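The model is shown first.

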Amino acid sequence: MAHSLRPPFSDKDHVQGDIHAPLELVEYGDYQCPHCGRAYPIIKSIQAKLGKELKFAFRNFPLSESHPQAFAAAVAAEAADRQSAFWPMHDYLFEYQSRLPLMPFDAFAEALKLDSQKLEHDMQDPTLSAKVDADFDSGIHSGVNGTPTFFINGRRYDDNWDEDSLLAHLQQMLAKH
Amino acid sequence: MLEKGTAAPDFELFCTPDQKIRLSELAGKKVILAFYPADWSPVCSDQMALYNETLKYFRKYNADILGISVDSKWCHMAFSADRKLHFPLLADFEPKGAVARAYGVYDEKEGECLRALFVMDEQHTIQWSYLSPTGINPGADGILDALEALAQPVKS
């Protein structure tokens, strides 16, 4: 069974890197998932090493049954996007993941110097929770089987995602490109 | 492994320490069978946790999902409570693996079920089956594709 990314990578995604980069890495992640927390610095390091060869997108896949704050955290990151701060919020949520059950989201917003009232207000907007649901839906249809799940140039990546393995795989794909 | 077009063999297995489920009791509903090697193992845990999150998708297609392994009903009870699962896990425990054998998905060497998925229609005819590499969680996309195909009007 080929598991392929549906819908494909596009400028509707939250993207870091050059949109024309030959390597395309998509993570379906959950801000409260400890494995995603471990993957976070690995992705940062790989981005630094591959530079303009790699573009990276993050899609929400909150496992709400396992992680009670995951859905709200995903909505918070989408709300931060309305203050052009999706990535700072994404990074902050992973860096301070252990505080998720304790810290209200307006405190996260203040730490990032965002308008915390606006963030709280935007978090109530049903279009943002619909966006998170739509990401989850696309993940299920793409064959996401846990978090994090990575897709590289549209295909699900089933091997280890420790830094050495993932980087070697990406470099190999680049060499073939 | 039983293939598309085969009538699904009926079975009756414990789903809790004092309750059994018979496949034929689910007449009129589509049924997803997820055979898996073992409670508590990492891949199986992720797979069951995923289906726990996708139950609403299955329900949309009038489909129930049943997990099946050779673990005992008490083991299932503890695993299910620990992972807060909202669907039944069936114990293919005595005679061990008999249902998995009937579906052609028993691993004789390990003494466990293989990691296999079946989707059957309301008449319990198998419409899709998939054997996953044991170490890989197959996800839910194949199941949903099969359910979506069944929901399409039949072409005459």
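The sections below cover conventions, a serine site and a cavity.

## Conventions

This is a predicted model, in which local features need pLDDT of at least 70, side-chain atom pairs count only at pLDDT 80 or more, and totals for chains, interfaces and linings use all residues. Residues are numbered from 1 along each chain as its sequence is written, chains are lettered from A and ligands numbered from 1 in the order in which they are written, and side-chain values use heavy atoms, with hydrogens and water left out.

## The site of A:Ser142

A:Ser142 lies in helix 6 of chain A, residues 126-142 (helices are DSSP runs of H or I with at least four residues, numbered from the N terminus). A:Ser142 has a relative accessible area of 0% and is therefore buried (under 20%, with a 1.4 Å probe and protein chains only).

The side chain of A:Ser142 reaches the backbone oxygen of A:Ser138 at 2.7 Å. Leaving out residues up to four places away in sequence, A:Ser142 touches A:His3, A:Ser4, A:Leu5, A:Arg6, A:Tyr28, A:Phe151 and B:Asp141 (heavy atoms within 4.5 Å).

## The cavity

One cavity of 30 Å³ or more is found in a search of the whole structure (a set of points on a 1 Å grid over the protein atoms alone where a 1.4 Å probe fits but cannot get out). The largest cavity has a volume of about 50 Å³, taken as the space filled by probe spheres set on the points, which are joined across faces, edges and corners.

Its lining (residues with an atom within 4 Å of a point) consists of A:Glu27, A:Tyr40, A:Ile43, A:Lys44, A:Gln47, A:Phe56, A:His90 and A:Phe94. Helix 1 (34-50) and helix 3 (86-95) of chain A are the elements giving two or more residues to this lining; helix 1 of chain A gives the most, with four residues.

Conventions:
Buried < 20%, exposed > 50% of the residue type's maximum accessible area, 1.4 Å probe, protein only. Polar contact = N/O pair within 3.5 Å; in protein donor to acceptor, adjacent residues only side chain to side chain. 1 Å grid on protein atoms, 1.4 Å probe; cavity = no way out; pocket = protein on both sides within 12 Å on 5 of 7 lines; lining within 4 Å.
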